[in-house]
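Welcome! Here is a short tour of one protein chain, written for someone meeting protein structures for the first time. Keep the 3D view open as you read.

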Amino acid sequence: MAAKKNEQHPLRIEGYGSAGEGVARLEGQAVFVKGALAGEICQVQLLKVGKSAAWGRVTQVLTPVPGRQSPDCPRYPRCGGCQLRHMTYAEELRFKRQKVQDALQRIGGWTGRVEKIHGAEAPDRYRNKIQFPVADGPRVGFFRARSHEVIDAEDCLLQPLAATRLREAFKLWMERYQVPAYDERVHGGLIRHFYVRVNQRGQSLCAVIANGTDLPHQEELVQALRRAEPDLAGVVLSVNQEKTNVILGKTHRCLWGRDYLEDTLCGLTFRLSVPSFYQVNREQAEVLYGRALAFAGLTGRETVLDLYCGIGTITLVMARQAGRAIGAEVIPAAVEDAKANAARNGVTNAEFLCADAAQAAQTLADRGLRPDVICVDPPRKGLAPAVIDAIVQMAPQRLVYVSCDPATLARDVKRMEEQGYVLQRAEAVDLFPRTAHVETVCLLSKLKY
Ligand code: SAH
């Protein structure tokens with residue numbers, strides 16, 4: 001485009017990009033404008049001009065829309081945790097529904113409509129797990145957006161107050177005993193992250209992620225955390241001595257109390273170990289699993305396969321309404337949790353397999369398993385082609401796809417459509433209010449021919 005960097009232009013914002021940034025047109029090309037809302041006219045300074053798109057920032061909102069609000073957090077937008085605090089929650093839900101719609105349409109070639117977005121009743125303090133990065137100072141807080149610089153944050157509107165109190169006690173302990181923070185540039189120092197998980201009853205579990213096998217003044221730390229939060233269930237040391245961005249270590253040692261927490265979800269009780277995946281928004285996870293169950297259309301006789309089952313949440317919810325349910329998951333500790341969860345809830349028609357999804361699906365297909373329903377809930381990268389092949393081989397009538405990334409979901413929907421499946425229904429569920437992330441649940445059915 002002929003426009004140059006640093007130039008200013010008044011632009012009409014036509015819609016949103018996938019991260020919630022406004023999108024305008026200049027000389028027929030897209031301009032991505034952070035902090036601009038759909039329907040506004042903004043004065044935009046161009047920060048970067050590429051061959052087929054440009055990026056800019058708002059210098060003045062010329063005509064604001066009712067969806068705009070002043071950010072309610074002093075660290076917004078420096079902190080990388082939230083992306084949408086400059087818009088009302090109603091506007092956020094409009095953006096998210098459109099994001100899913102756009103992906104399914106543009107990448108997936110779908111002509112249907114996202115039926116609904118299930119918004120959260122409480123868009124603040126919903127997170128049940130927080131992992132605070134730690135740096136020298138000590139600073140205990142959050143990463144600055146797109147950076148590894150740690151912003152010290154005494155509170156966060158996404159976290160429960162128990163986490164606020166525990167973080168404060170942890171930081172004071174580091175200060176008092178001069179416990180060194182880890183420094184990733186030189187792979188030296190000790191404390192990498194501080195982890196807090198909270199259940200519905202308000203009990204919490206802490207973990208210290210350290211570049212070492214022991215902590216100095218460990219007793220004092222346990223005492224300080226217990227004083228800060230009388231409902232503390234346990235303190236765990238997670239040893240991570242590797243040069244990696246992965247937060248948790250591979251070995252966990254209980255320093256005090258229990259090394260897991262229990263929570264109830266959809267009327268079932270779940271055991272949550274430190275490394276096990278558990279949706280961070282419990283209330284909205286119930287909504288999500290409820291929709292997945294509805295899409296599965298179970299009558300009590302079906303065989304259900306749940307790939308990427310984690311601690312068996314969806315598997316057990318479905319097992320109650322099916323003849324038999326099988327879950328597969330790659331993390332051994334999560335599979336152990338899943339088995340224990342089946343037992344503690346008296347669910348006797350669920351089995352679990354510890355394997356990579358592609359391998360698990362292929363093994364089951366080779367054994368002649370023909371599930372009526374397959375449910376998948378993969379990480380952001382979506383389904384590997386080998387997983388899709390094995391699913392097609394097992395030929396389920398229905399595939400319920402739970403996704404945390406609309407783009408990879410849409411790509412996989414397209415691949416499934418090439419294999420004789422049709423996308424019937426799609427709904428969005430907002431598990432991550434104030435961030436640009438959105439969860440989608442889809443129903444695909446096998447064409448009869
Ligand atoms: N359905 C569960 C977990 C979903 S998160 C729930 O809602 O609680 C995705 C899960 O997939 C995680 O537990 C992760 O450990 C697991 N996973 C990631 N890659 C995998 C793979 N290649 N094969 C099997 N499971 C995998």
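## Starting at a lysine

Setting aside neighbours within four places in sequence, Lys 171 is in contact with Pro 138, Val 140 and Asp 152; contact means heavy atoms within 4.5 Å. Lys 171 sits in helix H2 (residues 161-176), where helices (H or I, at least four residues) and strands (E, at least two) are DSSP runs numbered from the N terminus. Is this lysine buried or exposed? Lys 171 is buried, with a relative accessible area of 14%; buried means under 20% relative accessible area, exposed over 50%, and partly exposed in between, using a 1.4 Å probe and protein chains only.

Before we go on, please note that this is a predicted model, in which local features need pLDDT of at least 70 and side-chain atom pairs count only at pLDDT 80 or more, while totals for chains, interfaces and linings use all residues. Residues are numbered from 1 along each chain as its sequence is written, and side-chain values use heavy atoms, with hydrogens and water left out.

Pro 138 belongs to the loop between strand S7 (129-135) and strand S8 (139-143). Another cis peptide bond joins Tyr 76 and Pro 77, with omega about 0 degrees; Pro 77 is in the loop between strand S5 (53-63) and H1.

Arg 146 is not a glycine, yet has a positive phi of about 50 degrees. You will find Arg 146 in the loop between S8 and strand S9 (150-152), and at 73% relative accessibility this arginine counts as exposed. Tyr 308 also has a positive phi, about 70 degrees, although it is not a glycine, and its place is the loop between S16 and helix H5 (313-319).

## Domains and cores

The domain assignment, which is automatic or from a database, gives domain 1 (8-68), domain 2 (96-121 + 281-446) and domain 3 (129-265). The C-alpha centres of domain 1 and domain 2 lie 36 Å apart.

The largest nonpolar core has 81 residues; such a core is a set of buried Ala, Val, Leu, Ile, Met, Phe, Trp, Tyr and Cys residues joined through side-chain atoms within 4.5 Å. Domain 2 and domain 3 both give residues to this core, so it lies between them. Among the residues with the most contacts inside the core are Phe 170, Leu 215 and Val 400. A second, separate core of 42 residues includes Ala 361, Val 376, Ala 426 and Cys 442.

## The open sheet

How many strands form the open sheet? Eight do, in the order S6-S21-S22-S20-S19-S16-S17-S18, with mixed pairing; two strands pair if DSSP finds at least two bridges between them. Strand S6 (116-118) and strand S18 (350-354) stand at the edges with a single partner strand each, so one side of each has no neighbour in the sheet.

Strand S17 (residues 324-329) runs parallel to S18, and five bridges join them. In these strands, Ala 325 stands opposite Ala 350, and Ile 326 has Glu 351 as its bridge partner. From S17 the chain crosses through helix H6 (residues 332-344) to S18, and this β-α-β crossover is right-handed: with the strands pointing away from the viewer, the path from the first strand over the helix to the second runs clockwise.
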